[in-house]
Amino acid sequence: MATAAQAAATFLSFLSSSHHHTAPSSSVSFVATPILPASLRSAAAGAPTLISRCRGRRIAAAVAQLPTKNPELASGEKKIRWSSRAVRSFAMAELEARKMRYPTTGTEGLLMGILVEGTSGAAKLMRANGITLLTVRDAAAEILGKSEMFYFSPMHPPLTESAQKALDQAVNEKLKTGEDGEVTANHLFLAIWSDKESAGHKVLASLGFDDQKASLLAKTADDEAAMGPR
């Protein structure tokens with residue numbers, strides 16, 4: 001009968017020879033290269049690489065600019081950047097689109113992102129008028145329909161044409177002031193509202209929002225940076 005030492009030696013010998021054997025081939029690959037939507041690829045290519053010493057701020061540092069087709073912002077001719085609230089709202093918008101199992105991030109998703117971020121003037125104005133994350137979700141599902149139960153959204157649902165238009169319009173509104181500073185979540189919200197054909201505008205209108213309420217926010221759209229923690 002083999003001793004314990006002999007059994008151990010035999011086992012170790014088997015392990016040492018196992019590297020000569022090739023693994024069986026498989027038709028299924030579990031390794032996939034992540035692919036970003038074109039809007040985010042172009043933004044990543046044009047934005048400088050930033051490394052933050054503070055790990056807690058790494059996400060904000062990595063996203064130097066949100067995807068925009070505005071050449072002035074992309075070239076850095078003016079000292080204009082997206083506020084951290086706007087960046088967080090955008091990240092939350094993608095997450096909400098995935099929760100809704102939508103293939104894209106639309107203006108309705110941007111509204112949900114602003115509400116989830118929760119600290120901007122736009123978010124506070126919506127809540128003050130009874131517009132919450134749940135009511136926006138329900139209104140979006142009513143207007144756009146529900147996705148298939150077993151459909152899974154991509155990691156970064158690409159922007160719809162209306163959502164891209166809203167980002168560009170938000171930048172334009174800031175550029176019109178002729179001043180340096182930040183493109184805020186407030187600018188983004190007002191850009192969504194200004195496009196009457198967008199799903200976001202239709203969602204807000206169905207929940208009782210109107211131009212008079214939007215004008216209240218327009219007066220303070222640039223004041224986001226002064227509102228508490230950014």
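This is a predicted model: local features need pLDDT of at least 70, side-chain atom pairs count only at pLDDT 80 or more; totals for chains, interfaces and linings use all residues.
Me: Hi! How do the axes of helix 10 and helix 12 cross?
Reply: Hello! The axes of helix 10 (residues 185-194) and helix 12 (residues 211-218) come within 10 Å, and the crossing is at roughly 155 degrees. That makes the two helices roughly antiparallel, since angles over 145 degrees count that way.

Me: Is that crossing left-handed or right-handed?
Reply: Left-handed, for helix 10 and helix 12.

Me: And which residues make the contact?
Reply: Helix 10 brings Asn186, Phe189, Leu190 and Trp193, while helix 12 brings Asp211, Ala214, Leu217 and Ala218. By type, six of the contact residues are nonpolar, one is polar and one is charged.

Me: Switching to rings, how many aromatic pairs are there?
Reply: Two aromatic pairs. In one, Phe189 and Phe209 sit edge-to-face, 5.3 Å centre to centre with 85 degrees between the planes. Phe189 is in helix 10 and Phe209 is in the loop between helix 11 (199-206) and helix 12, 20 residues apart.

Me: Are Phe189 and Phe209 buried or exposed?
Reply: Both are buried.

Me: Nice. What about Trp193 and Phe209?
Reply: They also form an edge-to-face pair, at 5.1 Å centre to centre and 80 degrees between the planes. Trp193 is buried as well, and ring pairs link Phe189, Trp193 and Phe209 into a cluster.

Me: New topic: where is Arg101, and what is its phi?
Reply: Arg101 lies in the loop between helix 5 (84-99) and helix 6 (107-117). Its phi is near 60 degrees, a positive value in a residue other than glycine. Arg101 is partly exposed, with a relative accessible area of 29%.

Note on methods: Residues are numbered from 1 along each chain as its sequence is written. Side-chain values use heavy atoms; hydrogens and water are left out. Helices (H or I, at least four residues) and strands (E, at least two) are DSSP runs, numbered from the N terminus. Buried means under 20% relative accessible area, exposed over 50%, partly exposed in between (1.4 Å probe, protein chains only). Axes are lines fitted to C-alpha atoms, for helices over the stretch in contact, and angles run from 0 to 180 degrees between N-to-C directions. Angles under 35 degrees count as roughly parallel, over 145 as roughly antiparallel, 65 to 115 as roughly perpendicular and the rest as oblique. A crossing is left-handed if the near helix is turned anticlockwise from the far one by less than a right angle, and right-handed if clockwise. Contact means heavy atoms within 4.5 Å. Ala, Val, Leu, Ile, Met, Phe, Trp, Tyr, Cys and Pro count as nonpolar, Asp, Glu, Lys and Arg as charged, and the others, Gly among them, as polar. Rings of Phe, Tyr and Trp (its six-membered ring) pair if their centres lie within 6.5 Å; planes under 30 degrees apart count as stacked, over 60 as edge-to-face and the rest as tilted.
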